[in-house]
Amino acid sequence: MKRCIKRVSFLVLGFLMLTAIFAGCEKTVPNENAVIKIGSFSINLDEYQELFDTNAELFKYYEALDLSTKEKLEAFQDYVYTMALKYVILLYQADKNSVTLDETEMLDVEKQLEEKLASVGTVTDEARAKMKTQLINDKITEKYYNKLNSSATGETANAMIEKWSKELKIEGDKELIRSVLYVEPSATPAT
């Protein structure tokens, strides 16, 4: 069971970095319902809920979702919080270290954006801009994560993220995550 959860954890980290989970995780104006805030980057409760639901569905698919007790629910809420925190730390540190995308990487972002838009259909200009920002953020965090792993320091990216999590001023109201529950999607649409 632990091996399955580790495998799912690695899948979720990859999924987190490569998909548009944090459409609003960017430089933002501070908001009252920030779950995580580091510098000018934050994740609010709605974004956390989306991440929670996505992870719950993924764990459910691998038959590793067990929210049968309050303790198990809180452990899963904490797990999702930790994943979100790692992402924001990477995004913050990448910004602090002026990590940018080159022309080829930006062309790849544009290609991914067009593919996503083709699969979802018509979207507003605001939604399109958020999708593009998210793809850029994902690409930057992935690039920075890989750069950290290949650095000459010998420290892994995960070890550095862990160190930064102790050094950085992390704001936000973590207790907000306790209000997030998993609601099984219904088979029939609501009327």
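Modeller: By the pairing rule for rings, the count comes to seven aromatic pairs. Rings of Phe, Tyr and Trp (its six-membered ring) pair if their centres lie within 6.5 Å; planes under 30 degrees apart are stacked, over 60 edge-to-face, and the rest tilted. This is a predicted model, where local features need pLDDT of at least 70 and side-chain atom pairs pLDDT 80 or more, while totals for chains, interfaces and linings use all residues. Residues are numbered from 1 along each chain as its sequence is written, and side-chain values use heavy atoms, without hydrogens and water.

Colleague: Why is the pair of Tyr48 and Phe52 called tilted?

Modeller: Their ring centres are 6.3 Å apart and the planes stand at 35°, so the pair is tilted. Both residues lie in helix H2 (residues 45-61), four residues apart; a helix here is a DSSP run of H or I of at least four residues, numbered from the N terminus.

Colleague: What makes the pair of Phe52 and Phe76 edge-to-face?

Modeller: The planes are at 75° and the centres 5.3 Å apart, so the pair counts as edge-to-face. It links distant parts of the chain, with Phe52 in helix H2 and Phe76 in helix H3 (residues 70-96), 24 residues apart. Both Phe52 and Phe76 are buried, that is, under 20% relative accessible area with a 1.4 Å probe and protein chains only, where exposed is over 50% and partly exposed lies in between.

Colleague: Which residues form one aromatic cluster?

Modeller: Tyr48, Phe52, Phe59, Phe76 and Tyr79 do.

Technical notes:
Helices (H or I, at least four residues) and strands (E, at least two) are DSSP runs, numbered from the N terminus.
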